[in-house]
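Please read the points below with the sequence and the structure open beside you.

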Amino acid sequence: MSSYIIEGGKKLEGETYVSGSKNASLPIMAASILSGKTTKLYNVPDIYDIKFTSDILKVLGCTVKRNKNKITINSKQIKTHEIPDKLMREMRSSVILAGAIIGRFKNAVFSYPGGCDIGSRPIDLHLQGFKKLGINIIEESGFIKCMADKIVGAEIHLDFPSVGATENLMLASVLAEGETIIKNAAREPEIQDLQEMLNKMGANIEGAGTGIIRIKGVKTLKDVSYTIMPDRIEAGTLLCSIAITRGKGIIRNVIPEHIAPIIAKLEECGCKIQVNSDIIKIESNNRLKGIEIKTMPYPGFPTDMQSVFGALLTTAKGTSVIIENIFENRFKYINELKRMGAKATIEGKMAVMKGVRKLSNAEVNSTDLRGGAALILAGLFANRKNKSK
Ligand code: UD1
């Protein structure tokens, strides 16, 4: 099991930049399946989930080559339409590959996806949407078999603006007959990035970033080169890392509009933020104060930043309240923070934090990706010499 040893107590000061977005790279890599041609992707982060997605693409029959931050995928020779169960279990976003496989071949076999333990993560909205597109679904021995003679555009209303379902349905309908309209679609920036890449590949999609996305089916797609957008959650995590150490710094390669709710909350805590094009300057404050946070679908405050803010608020003066509206298990990191001296109580989807002056060293377990980031932030604050909050 991998571990990090963090020697905290130092202010973070300096300059860094944000990598390409994980959550945009994954559906965009899936989109490469649709063309049967070559996709060149730039600014792809060098992380585990990308390696897994590459492994699945290779099992399907794609060639995948990585050279630093560039990934080249050729999907001409796909030989199987089944995503291996072992790889499905590793990562929830592997379900996105299903939409692309069905979109191109009209059939796919996969099992229920795995991923971080942050609560129940059903795929009912994905499957309901597939059915609307004329795809038959058989669930058998833990496997989901999707088959269609043809995929026909339809109007799909999502009960909840699920990011994954929106992306999957876009992928499944790019090559469909006629027009697909997704209503109550997720509005996250990663969906806009997917639309932009697909359109560059020859798709005809509009509306990403709004609640209604229209996909007019096209017959063929072409080779594409595309640069992945910066990761808004990494940007927010870096800003919070500087904030928790009461440091100051500059973050480059950010799309400020994507992190507007994060900037607003950091300012409310008492940080000074200056935005200049794709550069953000932050100066923290020795007297950060507690605030309230409520996670919401975009453009609301992102659930992926909840735990990182949780760590920060543990150290802010007064009482903070966090309401988690998206994933029910996303407070597990708080019990680990308590081992370091945090004062917090959890009641259903609400956590209440009472700011403490110091956190101490401890051995803690990362329960999920973003929860792990929160613990690293707490580690950065631990053993701080200046004890004013
Ligand atoms: C994506 C992001 C993840 C982020 C989340 C919410 C990727 C790879 N992951 O995850 O980092 O935290 O968006 O911004 O992009 N739901 C259903 N039925 C479904 C699908 C979802 O009930 O068929 C529910 C989920 O249980 C959850 C909520 O909808 O409560 C949001 O899930 P969704 O937007 O689908 O998140 P993901 O796409 O899994």
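1. Glu190 is found in helix H7, residues 189-200, where helices (H or I, at least four residues) and strands (E, at least two) are DSSP runs numbered from the N terminus. The model is a predicted one, in which local features need pLDDT of at least 70 and side-chain atom pairs count only at pLDDT 80 or more, while totals for chains, interfaces and linings use all residues. Residues are numbered from 1 along each chain as its sequence is written, and side-chain values use heavy atoms, with hydrogens and water left out.

2. Is Glu190 buried or exposed? Glu190 is buried, with a relative accessible area of 4%; buried means under 20% relative accessible area, exposed over 50%, and partly exposed in between, with a 1.4 Å probe and protein chains only. Leaving aside residues up to four places away in sequence, Glu190 touches Ser21, Asn23, Ala24, Glu167, Met229 and Arg232, contact meaning heavy atoms within 4.5 Å.

3. The side chain of Glu190 also makes a polar contact with the side chain of Arg232, at 2.8 Å. A polar contact is a pair of N or O atoms within 3.5 Å; within protein, one must be able to donate a hydrogen and the other to accept it, and residues adjacent in sequence count only if both atoms are side-chain atoms.

4. Helix H8 covers residues 232-244, and 11 of its 13 residues are buried, so H8 is largely enclosed by the rest of the structure. Arg232 is among the buried residues of H8, as are Leu239 and Cys240. What covers the buried residues of H8 includes H7, strand S13 (248-252) and helix H12 (369-381).

5. At the start of H8, a side-chain oxygen of Asp231 reaches to within 2.9 Å of the backbone nitrogen of Ile233, whereas just after H8, Arg246 takes a positive phi of about 60 degrees.

6. Elsewhere, three strands form an open sheet in the order S5-S7-S6, with antiparallel pairing; two strands pair if DSSP finds at least two bridges between them. The edge strands are S5 (107-111) and S6 (136-140), each of which pairs on one side only. S5 and strand S7 (residues 143-147) pair in the antiparallel sense over five bridges, and Asn107 stands opposite Met147 in S7.

Definitions and conventions:
Expected span 1.5 Å × (residues − 1).
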